Amino acid sequence: MIEKQTIGGAFLKWSLRIVITLFALLPMYAAIIIALTPSSHVMNMQLFPRYFEISNFATGFITIGNGIKNSFFYSITSTVLTLVISIPAAYVLARHNFRGKQIILFGLLFTQMIAGIVLLPSLYTLFHKANAINSVLGVILVLTGVNLALVVWIFYGYFQTLPVSIEEAAMLDGCGYLRMLVKVILPISGPGIAVGAIFVFVNTYNEFVIPLFLFTDQAKYPLTLSLYSMLTDTTMRWEVIAPASLIAIIPPTLIFLFFQKYIISGLTTGAVK
Amino acid sequence: MNKVLRRATFYSLMPLTVVIILIYLIPVLNVIMNAFTGFTGSSTGEFVGLANLAKIQAEIPKTTLTTLIWTMGSVIPAIILGLVLALLLHENFRLKKFFLAMNLVPYSIPLIIVASFWLFVFNQNFGILNGLLLALGITSKPITFLSYDNALTSVIIARIWRATPFAFINFYAALTTIPTDLYEAASVDGATPSQKFWHITLPLLKSVLSTTLIVLTVWTFLVFDIIYGMTGGGPVDATRIISVQIYKELFHFKDLGTASMWSLIAIVILTIITIIYWALFERKGKPDD
């Protein structure tokens, strides 16, 4: 009886695992088929890839190459800026008690509720008034701003797990505050900072709405907007959209899979609680 | 607190505070002000009371309902699917790492590319879903997944696909923190697997469950990219949620007033939802804590 149940249970478990995983992979599979199809045959139904038109990938890459380059630039600058702003802030929030601390923590949480598109009509008008539409610096600042709260919370949780004793020793040795932060805290905070940096990088790389409202200059488009332009072209070039989409997901996917362990341990130590 | 510390605290928090004021506080106040200001016709720049609300009044019920169906219709299935997946992948089995990685792939994909991927699945001519349904004999002619009647369901499926890994990874991480001796003790007492789930696993996942539910609800409520990329909010108004409405008022009708009124409506509804969740989980949480 027990034997039977476990065999049935195992079968059910494996079926569910496979079905859910197929669901997770289906859209990519559909895109791969089209990405390998010559343009003349795109409209034919294929359940399995029947062609091998690899040159589509070259066309796809050329079409969004500039977008990917821009996205990397925005993501890297925004990640660095976010870290520079959030590490010291999260550190003092985690280590010291002072008036207004609760207000700052609650305020950060509140920003998460009104993020994104809700503020963009205002930001658009403010940018317009300041003559800053198409300002790369302005957009990077907004991209940084929308990620700050999340990252400060991640670091705030992480720094609380570090032992205070090392810092006290360093301070007693006459180490300045900033030097202590850079020389003592940063070297032992690798995993926590990695999680925060990955989130900012990927979030910025994926951002669509902010540049949609604040950029009109196509040369400055990140890859999300380059790809959207392809979706709204008068003639849809499916065999180019497919490889472009597949190429575009490589950087965030690789980063995520590579740092999977860090992210899961980051989640258990304080990011989401 | 000594002087050095006080200065360090001040300088550490200043950049953060400045950016938050610039990117959030000023725009939020601006949205509230603009929602009651006229931007079209003769009343440009004047306080117009509730005139902007009157202008969009006819669209409020339908758009709000669509937004709520979109939100709940994708968040609840994503959470259930994420939880099931976490339970299935948590135990040790062959190929565990492979399954884990494959199911995490959608997690980091840009939403606009989620839209593009699902267009390949739902396309009426070459869409693989129609191909599968026809091959399996489930349907005899291709289904128009992006028609007026089906479009909302289709965009919701795309959203479920993208939200599931987030729920999954949260539950998975939480499962790794549950001490195994709890289960061993329960086994000794003769507990069945389902008893273990309802009495050990689920209660311990409660705080993660509430966080995941609230975060996914807020995020999904304001998603723009998936719908804008797949249907543009159409056909007609079939998938027109509040975020699409905000964009259209601003860029198609050039009306900052009504766009801001929609933003304000979104903020109000999200606040109400958050309060409901909070009350629900706080009250339920009391006896245990």
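What follows is a short chat about chain B of a predicted model.

Reader: Ground rules before we start?
Author: This is a predicted model, in which local features need pLDDT of at least 70, side-chain atom pairs count only at pLDDT 80 or more, and totals for chains, interfaces and linings use all residues. Residues are numbered from 1 along each chain as its sequence is written, while chains are lettered from A and ligands numbered from 1 in the order in which they are written.

Reader: How many residues of chain B are in contact with chain A?
Author: 74 residues of chain B are in contact with 76 of chain A; contact means C-beta atoms, placed from the backbone, within 7 Å.

Reader: Which helix gives the most to that side of chain B?
Author: Helix H1 (residues 3-35), with 18 residues. Helices here are DSSP runs of H or I, at least four residues, numbered from the N terminus.

Reader: What joins Gly234(B) and Pro235(B)?
Author: A cis peptide bond, with omega about -10°. Pro235(B) sits in the loop between H10 (225-230) and H11 of chain B.

Reader: And Val236(B), buried or exposed?
Author: Exposed, with 9 other C-beta atoms within 10 Å. Val236(B) also has a positive phi of about 50°, though not a glycine.

Notes. Two residues are in contact if their C-beta atoms, placed from the backbone, lie within 7 Å. Helices (H or I, at least four residues) and strands (E, at least two) are DSSP runs, numbered from the N terminus. A residue is buried if 20 or more other C-beta atoms lie within 10 Å of its own, exposed if 12 or fewer, and partly exposed in between; C-beta atoms are placed from the backbone.
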